[in-house]
Amino acid sequence: MVTFVVAISLNFILPRLGHSNPVDTIMRKVHTPGMTSKEYKKRYEEFMVKFGLMDENGKKTTIVRQFFSYVGTTLKGDLGVSFTKYPKSVWDILKTALPWSLWLQIPSIVIGYILGNILGALAAYKRGIYDKVFYPLSLFLMSVPYFCLGIVLVYIFGISLEIFPPSGGYAMDMMPSFSFAFFASVLYHYILPFMTMVLVFIGGQAIGMRSMSIYELGTDYVKYAKMLGIKERTIVMYVIRNAMLPQLTGLALALGFAIGGALLIEIVFSYPGVGLALYTAILEMDYPVIQAGILIVTVSLLAMNFIIDILIGLLDPRVRISHESRVE
Amino acid sequence: MKQFKLLLRSPWFVFGAAMFLFCIFVGVLYPMFSHTDPLLRGALPFEGPSPDHWLGTNGEGQDMFSALLFGLRSSLFVGIAAGIFATIIGTIIGIVGGYKGGWVDNVLTLVTNLFMVIPSILVLILIANSIEKRSMLLVAFIIGATTWPWTARAVSAQTSSLKNREHVSLAKLNGYGIISILCMQILPYIMSYVFMVFIIQMATGILEEAAISMMGLGPYDSVTLGQIINQAQKTEAFSNGNWWAFMPATVLITALQFSLYVVNTSMEGVFNPRLRKES
């Protein structure tokens, strides 16, 4: 909650650090040679009111009032109007982009997390040759920036070999519809960006899980279980369960990087999500879209964090018990 | 010293460190002796590799080989400077919070956690977007100002476990001020941790610079590796298959990241006794 307040405030303060008046920047773009100074003034005031920098009587508002009006309109879901696609509202632009982003991020994070943890635990348990190959490989995958791997994959599979489409969310000659052909095309375009996300994510998770599991395998309960002659698979399951919790906390921290990376992957693949919308907005200096795009990404990130927190609460017996005892 | 010898015996550490130092070496030396201006439009756009232009030219007809090495230098500069900024800010906040404890620690931890959750790339985009004249140093500072929480957290944890040691109490009894206690009694003991996080901060700095440059918000006064990729993207080198315009920069960024991560994990293996015995 506090994070949300800070995020909104940052979103208000930071863009105002540089150019004191966003309206000047727009006017430079809106201004056409044929415009009379009277028209110019009218448009200027119109924008000033729109951005809450001026009230209807033409008086300049204070920074505090601007802040509250910004928070108020944002909470109402009114994110303003795009500069470059003028009558179109920011929300209309982001509304179409957001599902694409979530569709890229959430499945790849979940699958990457599960696969990474299983592979990491296996590497810790088996050691030997498997670990010798696996460890450097996942170390490499962990350190490759998302967009670099994306570029390499696009070049190899998209452009040289032409196995997968190099760009877009669906075939260019199609309209979004509920047809089988459209979904097939979406899936076909999904493979490369999805692989990029999953591969890098697996690397980081696996490295973390490997060292967690090595630690767990050295503990007394595992030695005891081995002496009792419990089956290996059962022991591995116990280890995974115990190492999983710190990993879940780690996931919350890895999320930020993953989502930042996903935004860049969208640019590399021209995938029609929020990242690409941000990129075009930055090119066109469309400030409201940039600001709102960042806000939406932050909010969805906070929501995911919240879900992870709930999961930790559900899975961790310590947290669960302390909650139950508090209720009593 | 013993630990340093252990480090040098670890093949991974030597490999990573050599790779990174080689990059610095090339990145510093080449621009000193080169007379090719990376901004000079001396050839046709998208010429393939040839003896004149070892890595061809980009969409503007600029020589890619010198752009790459000049870019390497700027990226390293931004990365290292960002790492230093992040380390200084993070160490001060972490050490004060960890040592003082109580409400000071609570407030500082709250701030640290806040900035840890909000991805720095988003804050970076917002700030970089609102400042029109971004020099390399400014970009480095902005990156450092958004990535310090990782250092702060590591330092704060180490400090609070150290603060009740005897030598610290002794210094307190002797009436030393807080600053001299922190600098003389605590900082030397956590230096290895600070350095390990510094390595990661450098990697993050290089990565974040590449990321915002790719977004089109890089420093305006130089060529960086991220800007090479951004340029390739804008001139559609991707779809034309002009691999020389973006591949070398991509590989170089990856190599820098990999070498730094290898150095970090191999150091962790030496300094963290829990992991040491198995390796």
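**View 1. Chain B is made of 13 helices and has zero strands.** Helices (H or I, at least four residues) and strands (E, at least two) are DSSP runs, numbered from the N terminus. This is a predicted model, in which local features need pLDDT of at least 70 and side-chain atom pairs count only at pLDDT 80 or more, while totals for chains, interfaces and linings use all residues. Residues are numbered from 1 along each chain as its sequence is written, and chains are lettered from A and ligands numbered from 1 in the order in which they are written. Of the 279 residues of chain B, 51% are buried (20 or more other C-beta atoms within 10 Å of the residue's own, with C-beta atoms placed from the backbone).

**View 2. The contact between the chains takes 44 residues from chain A and 39 residues from chain B.** Two residues are in contact if their C-beta atoms, placed from the backbone, lie within 7 Å. On the side of chain A that touches chain B, the elements giving two or more residues include α1 (2–17), α8 (180–217) and α11 (274–283) of chain A. The most comes from α1(A), with nine residues.

**View 3. In α11(A), eight of the 10 residues are buried.** Among them are V274(A), L278(A), Y279(A) and I282(A). The buried residues of α11(A) pack against α5 (90–126), α10 and α12 of chain A, and also against α5 (120–130) of chain B. Just after α11(A), M285(A) has a positive phi of about 55°.

Terms used. Buried ≥ 20, exposed ≤ 12 C-beta atoms within 10 Å, placed from the backbone.
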